[in-house]
Amino acid sequence: MRILTSTLWVATIAAVSTDAPMTAGRAIYKDNCAGCHTDSGTGAAQLVPRLARHPAVQSDDPTTLIRILLFGSQAAETSRAPTSPAMPSFA
Amino acid sequence: MATKLPAKDVAIIGLGWTGAILANELTDQRLEVVAIERGPWRDTATSFNIGYAPDELRYFARLDLFQQPAQSTVTFRNNTNQTALPVRQWGSFQPGNGVGGAGVHWGGQTWRHLPSDFRMRSHLTEHYGASFIPDELSIEDWPVTYAELEPFYDRFEYLAGVSGKAGNLNGVIQAGGNPFEGSRRREYPLPPMQMTYAPTLFAESARSVGYHPFMSPSANLSAAYTNPLGIRMGQCSFCGFCVRFGCSNYSKASPQTSVLPVLMRKSNFEARTECEVLKVNLDRSGKRATGVTYIDSSGAEWEQPAEIVLVCAFAFNNVYMMLISGIGRPYDPDTREGTVGRNYAYQTWSGIQLFFDDKIFNPFIASGACGQTVDDFNGDNFDHRNLNFVGGASISCQPTNGRPLTYLPLPPDTPRWGTRWKEEAKKNYLRSFGFTAQGSSYATHANHLDLDPTYTDRLGRPLLRMTFDFPDNDIRMSSYITDKMVPIAKAMNPRQYVVNRRAKPYNVVPDQSAHNTGGAIMGSDPKTSAVNRYLQSWDVPNVFVVGSSAFPQNPGYNPNGTVCALAFHAADAIIAKYLRSPGPLVPT
């Protein structure tokens, strides 16, 4: 759990930590998340959510993050915004 | 016995680029459309999951996204004196499969053919005299001109979000673009991709020897983009997993990124996956299609009646569908009569690999179509008067990957294993790159497709038989172009450069190109072409056959830009002409 939250925290804080979970989290984030969410956690407008300062990332309760990692997530589709981009399950 | 289903207006065979484009256009006309796709459903997040999408063994080596030879394959021979044998493992080319088709695993190069490519026989005759065209070649004019296709090229480029720099805007040559290209109405929707080092060096060198390099047009997006359908795509991350892979982050244009989100929402569209069409059904006259018969994954047979049938499978699978359904007269190379299977063509590659001591290229920072191209020696961009061939090639430096399993450029004298192999691998992995000539492949009277007399698929249907060898003309062309590449290599002062020339006979085993063309070519004469200028079958006018199968011969470019322009062109004709007055759109 600490690694999970650390993984997502590296998107929100620029500080380089020597703390082991933070170091592991940074590597996991780089391998699995940065391809879409980018190194700095900015995401891509209207396609990939911004993680930097995202409430789900900053919350003390990791339930939402765990759910998204396990089950993935997909944006709603509308006639004006049909893309409905999705994140896969990382389970 | 097939179970008959309720009729649809349109049945589409294959849901790749062309099937998706046509389905989207025709459902906008309130037609009821069903696409029947042999392979599985695929969408970005679940099928190209970024957690395992870059699995080189699964996708690149074991060809997970492709047609499986056990499901269906082709037989191959170089000439009619040989007995064709089945291709049991894809090598030279790999046909797509599943939703998105080859549009899932392509690299993203999105070219327009040269204006002269479309009237090749007339152009060559006017410039050099009819006798200049070698007897072995069956070059034809296309029945459409560049100017007629230009609006449809434009539509596809804006649908896909192509990144590039125009070389000719409304007749005015533009700095930084291809000075040889036909006039285009407007710029590309996105600016060119950022250049990596190898193509930058290649371009500097090409310029220094007097050539005109420009940034290759790419459907790997240089920036975020919303296409005319309102679908959002992302910026390419240069991960280097494009060719043979699906794109994980919505940045390589595909039917999934560019059409399907809108198409799948429509209540008058249906996609049936893992359903393989057995044949197009014809009525007793043989002049009208009544629909298609297909088999689902449980082995049950279904008959889908439809008013219009669109054959939108991979190039040679389109030809197969015509042959197996009895649409049009099969081509006979002895009498040179018949149309279906005629003018099968391919691509004629050569290349130069360079090895440096003092330069680092980081090949893993790559994209499927990011690079630079020289078009000085493509098509008839150069004077052939004193030469002994027709045709040409685009010369490109487009490093697509530095993947760990299969990317390892080594000088030819390197051992295959051991200490020296390790030393050379370490020394060269970062310090090498190549550039290639993608040569035209001009049709001959001998090269063709037909049904194999011996080998059958798992359902007992004859396999498609491919008869192909490189025309002598194309070998002479490739040799000349390769000579023209050498000065570019020399000007970069590499430690070593290795020239890989193309020789006869064509070998179906080593990887070359998935740019198979022809076999159901478009033309103005029903005696020598299978479909008319709208890709409508001359023989069965409610059947349209869409794809590179329609190319009369193959120019020196990747085919998909033209394939999708032809799909829009066909859709436009069906809507504007055929729906108002169903029947032949070109009088015979």
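Leaving aside neighbours within four places in sequence, Asp380(B) is in contact with Ser116(B), His123(B), His127(B) and Tyr128(B), where contact means heavy atoms within 4.5 Å. This is a predicted model, so local features need pLDDT of at least 70 and side-chain atom pairs count only at pLDDT 80 or more, while totals for chains, interfaces and linings use all residues. Residues are numbered from 1 along each chain as its sequence is written, chains are lettered from A and ligands numbered from 1 in the order in which they are written, and side-chain values use heavy atoms, with hydrogens and water left out.

Back to the aspartate. Asp380(B) sits in the loop between β17 (372-374) and β18 (393-397) of chain B; helices (H or I, at least four residues) and strands (E, at least two) are DSSP runs, numbered from the N terminus. With 12% relative accessibility, Asp380(B) counts as buried; buried means under 20% relative accessible area, exposed over 50% and partly exposed in between, using a 1.4 Å probe and protein chains only. Asn249(B) is 131 residues away from Asp380(B) along the chain, and 39 Å separate the two C-alpha atoms.

Now for the overall picture. Chain B has 13 helices and 24 strands, and 63% of its 588 residues count as buried. The C-alpha trace of chain B spans about 70 × 60 × 50 Å along its principal axes. A compact globule of 588 residues would have a radius of gyration near 25 Å, and the 23 Å of chain B agrees with that; the radius is taken over C-alpha atoms, and the globule rule is 2.2 Å times the number of residues to the power 0.38. Among contacts in chain B between residues at least 6 apart in sequence, 75% join residues at least 24 apart. For chain A, the corresponding share is 28%. Chain A has five helices and two strands, which follow the pattern α-α-α-α-α-β-β along the sequence. Of the 91 residues in chain A, 34% count as buried.

Next, the sheets. Six strands of chain B make an open sheet in the order β8-β17-β18-β19-β16-β22, with antiparallel pairing; two strands pair if DSSP finds at least two bridges between them. At the edges stand β8 (213-215) and β22 (496-500) of chain B, each with a single partner strand, so one side of each is left without a neighbour in the sheet. Neighbouring strands of this sheet are turned by 20° against each other on average, direction ignored. Within the sheet, β16 (residues 348-355) and β19 (residues 432-439) of chain B pair in the antiparallel sense over eight bridges, and Ser350(B) stands opposite Ala437(B) in β19(B). Helix α7 (residues 197-208) of chain B lies across β8, β17, β18 and β19 of chain B and runs at about 25° to β17(B). Axes here are lines fitted to C-alpha atoms, for helices over the stretch in contact, and angles run from 0 to 180 degrees between N-to-C directions.

Another open sheet in chain B has four strands in the order β5-β4-β21-β20, and its pairing is mixed. Its edges are β5 (85-86) and β20 (448-456) of chain B, each with a single partner strand, so one side of each has no neighbour in the sheet. Strand β4 (residues 74-77) of chain B runs antiparallel to β5(B), joined by two bridges, and Phe76(B) stands opposite Leu85(B) in β5(B).

There is also a hairpin to look at. Strands β12 (residues 276-282) and β13 (residues 289-295) of chain B pair in the antiparallel sense over six bridges, with Val292(B) in β13(B) as the bridge partner of Val280(B). Six residues lie between the strands, and Gly286(B) in this hairpin takes a positive phi near 75°. Five of the seven residues in β12(B) are buried.

Finally, the helices. Helices α1 (residues 17-27) and α6 (residues 146-160) of chain B pack at an angle of about 100°, with their axes 13 Å apart. They are therefore roughly perpendicular to each other; angles under 35 degrees count as roughly parallel, over 145 as roughly antiparallel, 65 to 115 as roughly perpendicular and the rest as oblique. Trp17(B), Ile21(B) and Glu25(B) in α1(B) meet Arg155(B), Phe156(B), Leu159(B) and Ala160(B) in α6(B). Ten of the eleven residues in helix α10 (residues 315-325) of chain B are buried, among them Phe316(B), Tyr320(B) and Leu323(B). Just after α10(B), Gly326(B) takes a positive phi of about 75°.
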